[in-house]
Amino acid sequence: MKRILISFFVLLISNNVFAKTDIEFILDVSGSMRQLTDGKPQIDIAREQLLAQLPSITGDTQVALRVYSHRIEQANKAESCKDTELMIPFAAVDKTVFETKLKTLTPKGYTPIAYSLEQSKADFNTTREADKVIILLSDGEETCGGDPVATVKKMIADGFKVVVNVIGFNVDDVTRKQLSEIANAGGGQYFDAKGSAGLTTALKNATQASLVIDKAKTTYGNEIKGGDSYETAVPVELGKEYKLNHHQKVNFFDYFYVDLKAGQELTASVSTLEKGVDIDANNKATENQSPYAGIQLHDGSRNRLKSEELIGAPNATKTVTASAGSDGRFYVLLGSTYDAMNKDHVTFKISVLSRGDLGGETDAGDSMEKALPITYQRYPVNFLTPADKNDTFKFEAKKGDIIAVGYIPNAQNSPSLNMDIMDGYKQKLFHVFILADQGKKTDPINIPEDGTYYLSIFSDYSIDSTFGYTLELMRVTPPSN
């Protein structure tokens, strides 16, 4: 069995630096994890020890959870050997989410180590500049005919830069040999674990070994110079890490811009490494131990929307986000209002995500004229944002139809909402109030006549952050003839 854990972050330790790191836990939930160790099933021990390590993973570390052999029993070997699932995509560590997901797991199938490693490659964000490390925890060897050693070698030969650390949990000599070879192939280390206490130590050591990154391997972004004003602002390549090509005096700013379409969301982040800078009256720069950095978001009317400052904070990151309610230009200003910025120890990145509705790039408007057409089906990808707190859809219905509408929040950060259904004359046929973080399926609604009808989901108040939801339009009875 096997488990992959990946973790790291930007940090200074003597002559070593922690770089940003992506961590994926690949948890083996094959049948052998039912075995008892220290009076408890091995899966329970693994769950407890994995959760215990999460608080040590801090900063800008991204973490994911992949598991395998948790759904298909061994009676169906062909399907069990393909039973692997990304349960938690990469995000900042959320212990509650991990605990909830881990509680659902029951050991069942075979041990597809090679196949799970192969699938894990697609879980990583290839546009994010971060170290990628795999810590594999297994209580057994490959049992699905794959070759995990060859799989890791091929991943690396194909250009996937990953380090593989491996933990063997109560393994025999044959398994230990295979797991050690996997670690060697991945340029990592093998850690042997006997019992609950041994697993605690192995997980801790494997994680710490993964955190120490040679400073020589650290990248500092691509040099760029912004404009001196809104008029001379410079466009940037999205998702690319940059650094300024000059030290920045306090209260001076470089201007960049991004053009957004309605429904898109812009995220800009600024990060420090370990050094700040003093700039005297003669423009002489002297490095110090207190890095400063600041980032601001302004809209097309040049109003400041968001701002963040890193004040004497080494190896830290701040992020600002803005949503576009309509097509328009947004400006990103880089500079600190507190102190000078060291060009070699401050990086920034700008990204844009689509927050369109119905799984597409287009935002459902806030009026009948801007409504998106829907049919009787489920639409799992829709968004409301601080700049877009009303989504309007339209659909065709006939007299005598009986319909219902379903709403499901996709995360635990949705506000209370209203749902209206209106006819073409803006006469309200139905209204329902939806409580925060709750789903709703309406009572059956009778359609009085043939025509186009409008469904509006909206908030009466401001929305603090972007959230997604699933929408479903249902026909309770067939259309009248």
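This is a predicted model: local features need pLDDT of at least 70, side-chain atom pairs count only at pLDDT 80 or more; totals for chains, interfaces and linings use all residues.

Residues are numbered from 1 along each chain as its sequence is written, and side-chain values use heavy atoms, with hydrogens and water left out.

**Overall build**
- The C-alpha atoms of the protein chain fill a box of roughly 75 × 75 × 35 Å along the principal axes.
- The protein chain has seven helices and 34 strands; these are DSSP runs numbered from the N terminus, with helices being H or I of at least four residues and strands being E of at least two.
- Of the 481 residues in the protein chain, 51% are buried, where buried means under 20% relative accessible area, exposed over 50% and partly exposed in between (1.4 Å probe, protein chains only).

**Nonpolar cores**
- A nonpolar core is a set of buried Ala, Val, Leu, Ile, Met, Phe, Trp, Tyr and Cys residues joined through side-chain atoms within 4.5 Å.
- The largest nonpolar core has 30 residues, of which Phe25, Leu27, Leu65, Phe98, Ile167 and Leu199 touch the most other members.
- Helix α1 (residues 42–53) gives the most to this core, with five residues.
- Apart from this core lies another of 27 residues, among them Ala364, Val405, Leu417 and Phe430.

**Strand β17 and its partners**
- Strand β17 (residues 264–272) is largely enclosed by the rest of the structure, because eight of its nine residues are buried.
- Strands pair if DSSP finds at least two bridges between them.
- β17 runs antiparallel to strand β24 (residues 346–354), with nine bridges joining them, and threonine 272 stands opposite valine 346 in β24.
- β17 also pairs with strand β22 (residues 317–323) in the antiparallel sense over seven bridges, and here valine 270 stands opposite lysine 318.

**A five-strand sheet**
- An open sheet with mixed pairing has the order β25-β27-β33-β29-β30.
- Its edge strands, β25 (372–373) and β30 (428–434), each pair on one side only.
- Within this sheet, strand β27 (residues 390–397) is antiparallel to strand β33 (residues 451–458), joined by eight bridges.
- Threonine 392 stands opposite serine 456 in β33.
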